[in-house]
Amino acid sequence: MPDATLLPTLTTQKAWIGGHPLDNGDGRTFETLNPATNQALCDVQISGAAEIEAAVAAAEAGFAAWSDMGGTARGRVLKRAADLLRARNRELAVLETLDSGKPISESETVDVHSGADCLEYYGGLAATLGGEHVDLGAEWNHSFFYTRREPLGICAGIGAWNYPLQIACWKAAPALACGNAMIFKPAELTPLTALKLAEVFKEAGLPDGVFNVVQGFAETGQLLTRHERIAKVSLTGEVGTGKKVMADAAKTLKEVTLELGGKSPLIVFADADLDNAVSAALLANFFTQGEICSNGTRVFVEAPVKDAFLEKLVARTKAMRIGDPMDPATQVGALISAEHRDKVLAYVQAGVAAGARLVAGGGAPEEPALANGNYMAPAIFDGCNDEMSIVREEVFGPLLSLLTFTEEEEVVARANATPFGLAAGIFTRDLRRAHRVIARLQAGTCWINTYNLTPIEMPFGGYRQSGLGRENGRAAIEHYSQLKSVYVEMGDVDSPY
Ligand code: NDP
């Protein structure tokens, strides 16, 4: 069981602006709850217009200093921050688990490390960023041009609640590597670890004002997306929020990166290694209680192996340990809020009402010790069809829909029959089929014979309504910098006037 002495004592949290906590002055706060108990962890001050103005002013000053530094120096700070995150892994993982409800076994091994990897990767890349030089040849008097890769200025990052620290790192690291300043707003359900990242950056030597954290709800987010001195916004959130953010950003023609929702297919052909495919289906649906945007929630299994696949899947799902997220043995923690769990349970009811067969989970566990938390046993539906709401809509919880197919052509068409396009996975031993099918799937992030692995080197993002732009890899650099072309004349100016 968890060691109570490891639990932090939290006082009222404030915005972090210009390298320091900043009191909002008006006393407006919200509570952040522990999803495992629904007890308040602490109050958090809401950032209003005055705090946003202060953050923009601080970011402008931070940007002036930071963008003047060379890439090697910037990279050194980011790499130091990565080391500090790793050194504070336990403390940060505990805080993340308390705030998000995810098992400590995950936050300790994945969340903080993924954030640190990202800082380290972009820390390394920072020194390599630059433009190109092109000699235009004799017909242009050997004039030439060069390009300068320049930062955008102040970037706003707006996060979702499922991977709070990781999302903050995935946005801050490429932005800062390019020389930008950032104002980050975490989701109001998980406001705590972004503030720790700010502390870590300061300790690593980041100039004050380069990374700021503001707190609050959609209104605080809007103050960022509508601000004319902010050059870019990167959002992780729902499709509906993405559309609003893009519309608000359009008023000042901001650059926009959108990492949005999905309803991704995981396709299992009859020749697949079934145990691996079942492992992947579990990871693709029940890691972080199913609260992962890229989850493969539509599991298409080729008819001849459907029964064998389902039997293994159900047995392993029923054996998953649901419990206190702080217990190292827990595999399924608490959903983010009571409201969200109700939403997921309503989808379970909708699945039953539509005629799908609930073959595992789908209800709250009966242990009295879990009664106050937002727990739910991972649900598996068999006998689904493509029209059911559980198959069409993003549930963002532990709910897997099993579908059967017989033809490659058929499953590709059905997999693509969605407005989303975030991710897709396929299991087969047939090399040609694997690449043929992946090439035809309308999804930005794909896996062959695995699922949901997101190394920092690999671009991540969605097609269609799942998003715009890419995070991670070299691709993200394009979205946090702009090119200046400079033509240099080596001859006379040939003018007809
Ligand atoms: P939301 O879209 O509700 O919120 C995301 C963030 O946007 C929050 O910080 C939220 O503030 C803020 N926000 C809400 N409305 C506005 C607005 N009008 N203007 C500016 N900011 C606003 O998403 P959730 O937090 O509920 O996260 C779940 C969603 O995120 C799922 O759809 C999931 O698929 C998606 N997601 C996508 C990922 C990806 O990389 N593609 C990864 C993880 C999640 P507040 O805190 O007040 O809600």
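A residue counts as buried here when its relative accessible area is under 20%. With that cut-off in hand, welcome to a few close-up views of this predicted model.

**View 1. Asparagine 89 in helix α3.** Let's start with one residue and its surroundings. Asparagine 89 belongs to helix α3, which covers residues 89-100. Its relative accessible area is 12%, so asparagine 89 is classed as buried. Leaving aside residues up to four places away in sequence, asparagine 89 touches Ser107, Glu108, Val112 and His113. For a sense of scale, the C-alpha atom of asparagine 89 is 33 Å from that of alanine 443, a residue 354 places apart from it along the chain.

**View 2. Helix α5 and the glycine that follows.** Helix α5 spans residues 164-177, 14 residues in total. From its first C-alpha to its last, α5 reaches 20 Å, close to the 20 Å expected at 1.5 Å a residue. Of the 14 residues of α5, 14 are buried, so the helix is largely enclosed by the rest of the structure. After α5 comes glycine 179, with a positive phi near 100°.

**View 3. Helices α13 and α14 packed together.** Now for a pair of helices. Helix α13 (residues 408-416) packs with helix α14 (residues 431-440) at an angle of about 35°, and their axes are 10 Å apart. The crossing of α13 past α14 is right-handed. On the α13 side, the contact is made by Glu408, Glu409, Val412 and Asn416, while α14 brings Arg433, Arg436, Val437 and Arg440. Sorted by class, this contact has five charged residues, two nonpolar and one polar. In general, an α-helix has 3.6 residues a turn, so residues three or four places apart point the same way.

**View 4. An open sheet of three strands.** The last view turns to strands. The sheet is open, with the order β5-β6-β20 and antiparallel pairing. Strands β5 (133-135) and β20 (481-488) stand at the edges; each has a single partner strand, so one side of each is left without a neighbour in the sheet. From one strand to the next, the twist averages 20°. Strand β6 (residues 144-151) pairs with β20 in the antiparallel sense over eight bridges. A handy landmark is arginine 148, which stands opposite lysine 484 in β20.

Terms used
Residues numbered from 1 in each chain as written. Predicted model: local features only at pLDDT ≥ 70, side-chain atom pairs only at ≥ 80, totals over all residues. Heavy atoms only, no water. Helix = DSSP H or I, 4+ residues; strand = E, 2+ residues; numbered from the N terminus. Buried < 20%, exposed > 50% of the residue type's maximum accessible area, 1.4 Å probe, protein only. Contact = heavy atoms within 4.5 Å. Axes fitted to C-alpha atoms, helices over the stretch in contact; angles between N-to-C directions. Left-handed = near helix turned anticlockwise from the far one by under 90°. Nonpolar A, V, L, I, M, F, W, Y, C, P; charged D, E, K, R; others polar. Pairing = 2+ DSSP bridges. Expected span 1.5 Å × (residues − 1).
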